[in-house]
Number of protein chains: 2
Amino acid sequence: MSEKRYLILAEGRSGDPHYGKTARGVIRYGPDPTVAVLDATRAGEEMAGIPVVATVEDALPHGPTTALVGVATQGGRFPPEWRELLKSCIAAGLDVENGLHEFLADDAELSELAAANGVELRDLRRPPADLNVPTGDNLALDARIVLTVGSDCAIGKKTVALELDLEARRRGLQSIFVPTGQTGIAIAGWGIAVDAVVSDFLAGAAERLVVEGHERGGELLFVEGQGSLSHPAYSGVTLGLVHGAAPHAFVLCHRAGSTEIEGYPGHPLPSLPDLVELHERIALPLRPARVACLALNTAHLGEAEARAAIAAASEETGLSADDPVRFGAGPLLDAVLQTLEAKAPAQAADH
Amino acid sequence: MSEKRYLILAEGRSGDPHYGKTARGVIRYGPDPTVAVLDATRAGEEMAGIPVVATVEDALPHGPTTALVGVATQGGRFPPEWRELLKSCIAAGLDVENGLHEFLADDAELSELAAANGVELRDLRRPPADLNVPTGDNLALDARIVLTVGSDCAIGKKTVALELDLEARRRGLQSIFVPTGQTGIAIAGWGIAVDAVVSDFLAGAAERLVVEGHERGGELLFVEGQGSLSHPAYSGVTLGLVHGAAPHAFVLCHRAGSTEIEGYPGHPLPSLPDLVELHERIALPLRPARVACLALNTAHLGEAEARAAIAAASEETGLSADDPVRFGAGPLLDAVLQTLEAKAPAQAADH
């Protein structure tokens, strides 16, 4: 049994679905319990039943062993005011896990403090040192690979992969969730943050992840997607992941009603049919892949509106659609398995 | 006037158009003279009029000041036998410029030796430390941006950008070549190797390059392309560059007659019309971009075959086509300028 108990650091962000997504993912899907969330702006409240505290001192009575940096920041840098917070955690004897692009273990002051206090600094996004380009093992693997993709960032690609994997395992399938980002790594305990690798090795890192997923016993791999092919900042990560993971099928995620890239005003989202066709078209010709179904994020809608949005998306694309978090992942898993069983069509048929 | 004189290290690769492309690019387009090429397998021969020598000792009478690692390797690592060669260069008092992913300055032994001999180790692919995601400056820039793209790697995207820039400057235009890879950096003396940046910052690095190109006086920017949208290893780099550089027009490069990705047997190239449409479709909706023309690499063909291949490519796509290295860059520059002058059409028209 794991002895790890998290204090999640989410200062100013615990209520934010985008920048607080690491906190939410770990609380919901992680194997290790979270005993407190630190966010002085909401101290005294609860987050998913977990007490929100103002300071590390206030968290200690709850018995944490490990502080997890539970926020994302644009560019992945630490806000300067976080240094004092991290020092408090280390001084209090907590290990620190960090998913930002700035690595704690490379910081001389924090490293010395950690050594003096006998705690570990773990940088979840630090890539392996020996990455390279793909070898072709991705195409030779005896496993069925499913990649979640989407119209934008932070709309549920990781969550959908996790829910589909859970449902598949409930049915007795040899399924595994393949983590490609810091939160997925915190949840699964392995993985590579593909957005942190040298660009030339993006596809190679993705290939290594599906190979490892298979070695870990996965016959059915649900790979966590990243970014979006139409995202002005992160599209490169997405395409490298598409070509390196070499999926047999995509699950297309979309936040119901969104029409613009979040945080990039004026950048429109392509229509769902356009996104379906673009993904199928850009898959490797040696590994044609179909979009199996649509996963709609309807968390911001009432139930009737959610049902209507799902029906409309299905109508617009001719594909199964559902919100697997809200209504269960069964119907989408059915669609995925059906797509995997069907012989993948020659890609040329789409042109 | 520059005092730099290159010895290009191309051991075993000076005759290889792919892995020897750094050597060829610097000899042809660099402002600093190359006085010798080191390749024991071809010692005594000449490369573009420059003597090929077997050892560093043999090169010294030619008066080099700087050894340039003039090869590419898969994965960008140093073959182990190169360590002795690099040590000989340093011991002989030569600075060393290196474009591989492995950084010489991070190697303790080589760094110490360099310090002891008073020479510099310059890693051309080392990214700036302060990269981030794009800010939107790429879309606000008062410049016309042209990106070379292609059906594969190592087919002439850099060379075409250099030739178009030279021709534009000959005509008195305020044009600049924007380097995005190690050879381009060696030639131009500035730039970022986008394939060496952390994937999340790919588009941000590309944006920074076009901003710098404009600051350096460019009203017309010819951006060196990387990889290919359909390349199984490097497509992520390509798409990040497309979205970060935000070109107004593409020049599509292709090696006449190629049908497969080099080094990836069985991976077919899309047809030229498919590549044209894919690039136009994947451009940012806020910056619709047309493929202005096709640059065909016909170096391996006789002249009549080359002319026929150019005519066929033009016929197949309805676009101007030429081999700008062989027959001059004038006609393709005309096509580029015409495309830039035409009002960019709404991207939706392609769907």
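Tutor: Let's start with the domains of chain A, whose bounds come from an automatic or database domain assignment: domain 1 covers 6–123 and domain 2 covers 137–350. Please keep in mind that this is a predicted model, in which local features need pLDDT of at least 70, side-chain atom pairs count only at pLDDT 80 or more, and totals for chains, interfaces and linings use all residues. Residues are numbered from 1 along each chain as its sequence is written, while chains are lettered from A and ligands numbered from 1 in the order in which they are written.

Taken over C-alpha atoms, the centres of domain 1 and domain 2 of chain A are separated by 28 Å. Where the two domains touch, 12 residues of domain 1 of chain A are in contact with nine residues of domain 2 of chain A; contact here means that C-beta atoms, placed from the backbone, lie within 7 Å. On the domain 1 side, helix α1 (residues 21–29) of chain A gives the most, with five residues. Helices (H or I, at least four residues) and strands (E, at least two) are DSSP runs, numbered from the N terminus. That domain 1 side divides into four nonpolar, six polar and two charged residues, where Ala, Val, Leu, Ile, Met, Phe, Trp, Tyr, Cys and Pro count as nonpolar, Asp, Glu, Lys and Arg as charged, and the others, Gly among them, as polar.

Now for the close look. Chain A has an open sheet of seven strands with mixed pairing, in the order β3-β4-β2-β1-β5-β6-β7. Its edge strands, each pairing on one side only, are β3 (46–47) and β7 (121–123) of chain A. Strands pair if DSSP finds at least two bridges between them, and β2 (residues 34–38) and β4 (residues 50–53) of chain A do so in the parallel sense over two bridges. Leu38(A) stands opposite Val53(A), a residue of strand β4 of chain A.

Val53(A) counts as buried because it has 23 C-beta neighbours inside 10 Å; the cut-off for buried is 20 or more other C-beta atoms within 10 Å of the residue's own, with exposed at 12 or fewer and partly exposed in between. Leaving out residues up to four places away in sequence, Val53(A) touches Ala36(A), Leu38(A), Ala43(A), Asp58(A) and Ala59(A). Glu11(A) is 42 residues from Val53(A) along the chain, and their C-alpha atoms are separated by 9.7 Å.

Moving out to the partner, 34 residues of chain A are in contact with 34 residues of chain B. On the chain A side, the elements that give two or more residues are α8 (202–215) and α9 (235–245) of chain A, and α9(A) has the largest share, six residues. By class, this side has 17 nonpolar, 14 polar and three charged residues. The copies meet through the same surface, because 100% of the interface residues of chain A are also interface residues in chain B.
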